[in-house]
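Grab a pencil and try these exercises. Each one comes with a worked solution.

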Amino acid sequence: MSALGTLAFDEYGRPFIIIKDQDKKTRLSGIDALKSHIMAAKAVASTLKTSLGPNGLDKIMVDKDGEVTVTNDGATILSMMDVDHQIAKLMVELSKSQDDEIGDGTTGVVVLAGALLEQAEQLLDRGIHPIRISDGYDQAARIAIEQLDKIAETLPCDPNNTEPLIETAMTTLGSKIINRCHRQMAEIAVNAILTVADMERKDVDFELIKMEGKVGGKLEDYTAHQRSHSR
């Protein structure tokens, strides 16, 4: 109890803690509080920045039990990071939301948020009100979405012609360590999705897909097993 303070009891015998140096602590407000939040968000983004892109580096994560995880997946890195700052926790939630809704881009969305906050810091230094900055980002997001709608291409989703879907899956798997069995993994992913997809609603419940890890063997063994069953 010495690290936090002293344990004491009131007149009714209820315990409470007297925090050390409480009179010396200050509460941040205004611009100083905003800059503190931005600094915490930038710290999280800078941690993930080096794992983004084709030359991105893997991170070695060690949990409190000593288990080691080597990964460059943003969602995994953030889920294993022990963060206390509220804004840093929001960045973790941002990555989780991206993973739940899209299933990819967990690193990019955090790095983008950090970059936007870094630009916001410069605007704050110029005396622009935070609400004006927020409104500007909202307007920029609307313009970006309109532009994306203009240049977007429609991908046919036909269960009888899965080749476009397989090619798309192969593209998204480009950053994973499966280059030897690239097409096989894409076919497995597409077949799994089409099995549980609601084509009318254009929706997929990922809870219906179960992943099971098997010790030993190769992916080619699975492919050969599938061919023997299809005959």
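On a 1 Å grid over the protein atoms alone, a pocket is an open set of points where a 1.4 Å probe fits, with protein on both sides within 12 Å along at least five of seven lines, and lining residues have an atom within 4 Å of a point. The model is predicted, so to speak of local features we need pLDDT of at least 70 and for side-chain atom pairs 80 or more, while totals for chains, interfaces and linings use all residues. Numbering starts from 1 along each chain as its sequence is written, and side-chain values use heavy atoms, leaving out hydrogens and water.

**Exercise 1.** Work out which residues lie nearest the centre of the second largest pocket, and which element gives the most to its lining.

*Step 1.* Count the lining: 17 residues, with Leu 116, Leu 117, Ile 133, Ser 134 and Tyr 137 nearest the centre.

*Step 2.* Look for elements giving two or more residues: you get α1 (30-49), α4 and α5. Helices here are DSSP runs (H or I, at least four residues), numbered from the N terminus.

*Step 3.* Pick the top giver: α5, with 7 residues.

*Step 4.* Sort by class: 14 nonpolar, 2 polar and 1 charged. Ala, Val, Leu, Ile, Met, Phe, Trp, Tyr, Cys and Pro count as nonpolar, Asp, Glu, Lys and Arg as charged, the rest, Gly among them, as polar.

**Exercise 2.** Describe how α4 packs on α5.

*Step 1.* Set up the pair: α4 spans residues 106-125 and α5 residues 130-151.

*Step 2.* Take the geometry: an angle of about 140°, axes 10 Å apart. Axes are lines fitted to C-alpha atoms over the stretch in contact, and angles run from 0 to 180 degrees between N-to-C directions.

*Step 3.* List the contact (heavy atoms within 4.5 Å): α4 brings Leu 116, Gln 119, Ala 120, Leu 123 and Leu 124, and α5 brings Pro 130, Ile 133 and Tyr 137.

*Step 4.* Class those contact residues: 7 nonpolar, 1 polar and no charged.
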